[in-house]
Each structure stands twice: as C-alpha cells, then as structure tokens.
Amino acid sequence: MNKQTLITDAVIIDGTAGLAQQNKAILIENGMITAVGSVTDLRSVAEGADIMALPGRYIVPGFINVHEHVLTRRARGSASERAGATRDVHLYRALRNAFGCLAEGFTTIRDAGSMDCLGLDVKKALNDGVFVGPRMQAVSQGLTVTGGYAHQFFKEVDSEVEVRKAVGEMIKRGVDWVKCMASIEWSKAEGEPISAVNISTAFMREAFDIAHHHGKRCMVHAVCKESIINSLDAGVDSVEHGVMLDEIVAERMAKDGVYLVPTISGWCERQNDWGRDAGHVRHANLMRPYHDRSVQIAHSLGVKMAYGSDNFGNLVDEVRALQEAGMTLSDCLILATRNGAELLGINDMVGTIEQGKRADLVVLGSDPLESAEAFGDVHLVFRDGRKIDPNLLPI
Ligand SMILES: [Zn+2]
C-alpha cells in the first residue's frame, strides 16, 4: 500500500472561493489529494500516515505559468545570440529553468515557443519523469513570416501551403498548442511604430483551423489592437500580451471566452542589462502604460486572465501590477492557479486543492490574501505529492 501523508496545521486556500480555511488537513496518497477535511476526521481514516505539521504556513494550489519560455528565460544577449546557442546549451538552460519553475512554486507550465521544437523534447523528459520539474504543455515554434517577428527562433511561412505544412509537422511532433506571431515590435528609434501587424489573418485562420481539427488549441503573440482583432477573427483561444486592446476588443474576448495572458511584469526587468540592443529599454518604457491600461480594461469587462511570465516577468511583480489594475489578491491567486488550469484544459487534474486532484501544492511562509510578496515566499512545493524543498534544488 502506498504511504499516506497528512498535512496539518497550515491555513489552506484551496483556490475554489479564495477563502482561507483554518483547521483543515490535506491527505495525500500516490500523488493524489485523497481528502480535504477536518484534522480529526482525516486522522481516523489515515492511521499510520506520515504527519506533516506546518503551523504558520499557507497552502495554495501549485502555481501555473501559461507563458513560460523554458529554454530561453532570462537568457542574455541579442535575439541572434540567444537563438544561436548550441542545442546542448539550450537544453542545460531548460533543465536549470525547470528547476527554477519548481523553486518558485510552478508545478505546471505552458512553453510558449523555442528553437527547433526543442521544447517538445523538454516536455517529454519532464512528463516522463526523467528529471523533476513542472508538468508541461508546449508550442514547438511560433509561426511568423520571413524576416518577421521572432524569426530567429521560429518557423517562417509565406503562403497558406507553407502554413499547412508547418502546422501539420508540428502536430506530428506532439505540440499541444499552435502559436502565431500576430504582431511585430520595433521601437528602436524615435518615430518608429511600436507595434504593427506581422502575419495575416488568412495565415492564422489556416493554422488555427488545422490545429482545432486535431483537437489542439491556439495562441498568439499580439500587441497592437489590429493584431488582436485579426487573431480573434482567426479563432484564437488565448491572446498573449494584448498590450493595446480597447473596450470593444475586451468585450468581444469576454463574450467569446478568449483568455488574456498579460505578461505585464517583464517590463521592469528589461530596464536591467540583458545584453539587448539599445532600443530595448525605450521600448519597454513605451509599452508599460498601454499594458497597464489594457489589463484594467480586461479586468473591468470580465475577460478571463491567466498568469504568464514570458522571458522576464515574475509572479510577485505581476500580482503587484494586477492589484494596481484593480484586482484583489484573491483574484490574483485564482488567476495564477485555477484559471491557468482551465486555459490548459486540465482543471479536472490541477488548479485547486480538492479531493481527486493531483497533489500539486505550494507552501507559503506568509498569507497571499494579505500581500503580493507572499506569492514569492515559497517554503515547500509538492509536485504530484512529491515534496520538494526549493533550497535543495541544484540552482
Ligand atoms: Zn513569449
């Protein structure tokens, strides 16, 4: 019989209603949450269980990052330098970043694109348990046009035939999501537009129709308003960044159940020296006010949102930004857990602390319903019931 673990004495915030529950315990067996209930009741059904008392701690569902770049996150250098690293270096980075995700409490991630479909190899290694890390879904490469946005990393397509071929091959290789780069950003010098349309609606519609036909879902990198509208016309499921959306676009997203993944917190980190070109900081400074406003609009009009770090963000800064946009800490917790699980279509398995779900849990040292900083105060992580001490991870 599998050993049972009974976690007691912590405050549980299960992610279903956002309310903290005292005097409850969680019973874990074989990687699953087999019961959540009173300590007295669970002690009687779990005789012989290991008791783990966590007084003064707060337990929340495992965090979910739906816009991770597990191969390139926090990599230095220009786009060509980053894309030009050897395959081995990319994979070492992925290993480090996967441990980093766990250390920050992320038990599930969606990789939003990498070079040469390497994300799919990382996904297989993680989901097969070759090394411990978050469970993972993945785009392989985004679709862009020749010389278009992120062409250093992604697949260039210039006709509907090329779109079909690229998407079909990605589906054969096991993608979960198909991604299009709907907009392109420059902002390197005064007077240049900061965002414009990159790939056409027709190309995106072709890509998304094939993906949906195969039961896959679709996301876009979209900054300018026109690119977001094009993406909605093409049938997208999640809009990444959405920096320049307005009320009309947000109402449509809310009505159609299209998610927004704001990735708002990365702009501050871009002020630091990451070896990017000279326009990088200028660009970040221009984008942030638009992004703050779009999140405010999206929240006020009921657009569903999930958490994404992109290459530079982090959960604590994201929660701070979302609070400034009018969200409560309880909203933020649900955004970073349950909403992510719903977007990924795995809310029957993770996203809340409930009987019958996988035992993906984060043990925090302070109350996430009191402060944004608590989201970064990670003491322990459970991934499928396996206890991980962030301090012992080799990073
Ligand atoms: Zn991204």
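Biologist: How many bridges join S4 to strand S5, and which way do they run?
Modeller: Six bridges join S4 to S5 (residues 32-38), and the two run antiparallel. Strands here are DSSP E runs of at least two residues, and helices are H or I runs of at least four, numbered from the N terminus. Strands pair if DSSP finds at least two bridges between them. This is a predicted model, where local features need pLDDT of at least 70, side-chain atom pairs count only at pLDDT 80 or more, and totals for chains, interfaces and linings use all residues. Residues are numbered from 1 along each chain as its sequence is written.

Biologist: What is the bridge partner of Ile26 in S5?
Modeller: Val36. In the hairpin of S4 and S5, with two residues between the strands, Asn30 has a positive phi near 55°.

Biologist: And what about S1 and S4, how many bridges there?
Modeller: Four, antiparallel again, with S1 covering residues 4-8. Thr5 sits opposite Ile28 in S4.

Biologist: Why is S4 largely enclosed by the rest of the structure?
Modeller: Because five of its six residues (24-29) are buried. Buried means 20 or more other C-beta atoms within 10 Å of the residue's own, with C-beta atoms placed from the backbone.

Biologist: Switching to H4, which helices and strands do its buried residues pack against?
Modeller: Helix H3 (87-103), strand S9 (106-111), strand S10 (135-138) and helix H5 (160-173). Contact means C-beta atoms, placed from the backbone, within 7 Å.

Biologist: Which residues of H4 are buried?
Modeller: Leu118, Gly119, Leu120, Asp121, Val122, Lys123 and Leu126. Just after H4, Gly129 takes a positive phi of about 80°.

Methods
Buried ≥ 20, exposed ≤ 12 C-beta atoms within 10 Å, placed from the backbone. Contact = placed C-beta atoms within 7 Å.
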